[in-house]
Each structure stands twice: as structure tokens, then as C-alpha cells.
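Q: I'm new to this one, so could you walk me through how its helices pack?
A: Gladly, let's bring it up and take the helix pairs in turn.

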Amino acid sequence: MTDQQAFAAATARILIEIEAVLFRPEDPFIFTSGRASPVYVDCRKIISFPRARARLMDMAVAQLAETAGSEAFDAVAGGETAGIPFAAWIAERLALPMVYVRKKPKGFGRNAQIEGQFKEGDRVLLVEDLATDGGSKLNFVSALRTAGAEVAHCFVIFSYGIFPESVAMLADEGVDLRGLATWWDVLEVAEREGYLPGDGAAQVRAFLNDPESWSAAHGGKTSADIADGN
């Protein structure tokens, strides 16, 4: 098992233990977008579990050193709002300055979109809690680059791993997306350790293989519905 595989399995187990991931194939979640899903993840719960979050942040720093390099960054940026605590803990471990990026300029005073300070040309790591389709990451990357940062890496605790466009979209902008675990990692641990009785595992696997069709078949919207405003 590689370090990355070990990190993924440990992350999945932690998220299950603290109930940051939930399985409900018999009564699907309906997200704000209208999509139906048998699974739900809330990485914000991590902040309330000191030992779990310390382990996750240690793995995050180890993964970043392995994939990007030990001296790859000059500052760390957290995306409003869920990315801010994780950015703070990672910045502390890396002994780097931290800033945070608003979703949009605050509209008064300095009209700032970025709070904190970094130098022109600094290599900034963007940190978020999770990645689905990658859209919000591009907004944060654009704001940081407009302010003079170089942004080539985005780190998340959890990446859905079922929307390849999220990786491709960021790659097209020169940004490498990395995460500790995906839904595939969580499913492997959940199935092995008996968290999904009956046909629960089969339902989750069907969703992960084809989230669009699963959503449509369970009363949710597809990407086409959302794009059309239906």
C-alpha cells in the first residue's frame, strides 16, 4: 500500500467515525442544486474533533510534501468559509503566512476579496474542504491571481472523485487538484467494515458509476436539468 492509499483509507475511516459522511440510499438526499444522492459529506464536522482533525492535517501536509514538494509554497489561502480553518491548520504546520479569499468582494471599505497579505509573485496554495465540480475553486484562483499570486495547487480534504470535469477544469487553468480521499475510498472502507447493510453498497456504487442516471431515477435533477434551469 502506498502512502497515498494509506492516507485515503485512514481519511475515509475518520470521516465515517465522526459521521461526516452519511449513507441514505433508501431515502436519498436532495441537494440545493436539485441532484439526488445516496451519500452526503459534511467536512465542517471535522473542526469539532481535535484528534481527528490533527491526524487529517498531518496527512495533508505529508501528501503536499510528496506531491508538490516541501518548499513549493510561500503562503496558504483558505476559501470562504469552509476552507478557512483547514488553511489555518495547514499554514501553521508549514510555518507559512495565511490569507483567506471571499466568494466576492465585501462591497464596502477597501472592497477586499482577499483578507491578509502576501507578496506579488508568491506561490499560494488554495485550500478548501471539498471538491465537487470545481467551479468555486476557479473563482478563488482568479481572485488570488488578480491580486498577484501564483496559484498552481489546490488541496481539499475530500474530492468527490466522480466528476472528472472538476479535475479537468482546474487543469485547464494550470491548477493541480489534490485530496485526501474520494467517495470510492469511503465506499471501500464502509463495505469492508459493514457500514452498508443490504443492497446499500450496490446502490452507492451505482450512483458513483453514473450519478446523473441515479439522480434522475430517484427524483433528482441531472446536469442538463440544472443548466436549463429546470
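Q: Is the crossing of α1 and α2 left-handed or right-handed?
A: α1 and α2 cross in a left-handed way, that is, the near helix is turned anticlockwise from the far one by less than a right angle, whereas clockwise would be right-handed. The helices here are DSSP runs of H or I with at least four residues, numbered from the N terminus.

Q: Before going on, what kind of model is this?
A: It is a predicted model, in which local features need pLDDT of at least 70 and side-chain atom pairs count only at pLDDT 80 or more, while totals for chains, interfaces and linings use all residues. Residues are numbered from 1 along each chain as its sequence is written, and side-chain values use heavy atoms, with hydrogens and water left out.

Q: Back to that pair, at what angle do the axes of α1 and α2 cross?
A: Roughly 155°, with the axes coming within 11 Å; axes are lines fitted to C-alpha atoms over the stretch in contact, and angles run from 0 to 180 degrees between N-to-C directions. α1 and α2 are therefore roughly antiparallel to each other, a label for angles over 145 degrees.

Q: Which residues make the contact?
A: From α1, they include Phe 7, Ala 10 and Ile 14, and from α2 they include Leu 56, Met 59 and Ala 62, where contact means heavy atoms within 4.5 Å. The contact residues of α1 with α2 divide into seven nonpolar, four polar and three charged.

Q: New topic: how do α2 and α3 cross?
A: The axes of α2 and α3, which spans residues 83–94, come within 10 Å and cross at roughly 60°. That makes α2 oblique to α3, and their crossing is right-handed.

Q: Which residues meet there?
A: In α2, Arg 53, Ala 54, Met 57, Asp 58, Ala 60, Val 61 and Leu 64 meet Phe 86, Trp 89, Ile 90, Arg 93 and Leu 94 in α3. By class, this contact of α2 with α3 has nine nonpolar, no polar and three charged residues.

Q: And what about α6 and α7, how far apart are their axes?
A: They are 11 Å apart, and helix α6 (residues 183–192) packs against helix α7 (residues 200–209) at an angle of about 170°, which means that α6 is roughly antiparallel to α7.

Q: Which residues of α6 take part?
A: Trp 183, Trp 184, Leu 187 and Glu 191 of α6 meet Ala 201, Val 204, Arg 205, Leu 208 and Asn 209 of α7. The contact of α6 with α7 divides into six nonpolar residues, one polar and two charged.

Methods: Helix = DSSP H or I, 4+ residues; strand = E, 2+ residues; numbered from the N terminus. Parallel < 35°, antiparallel > 145°, perpendicular 65-115°, else oblique. Nonpolar A, V, L, I, M, F, W, Y, C, P; charged D, E, K, R; others polar.
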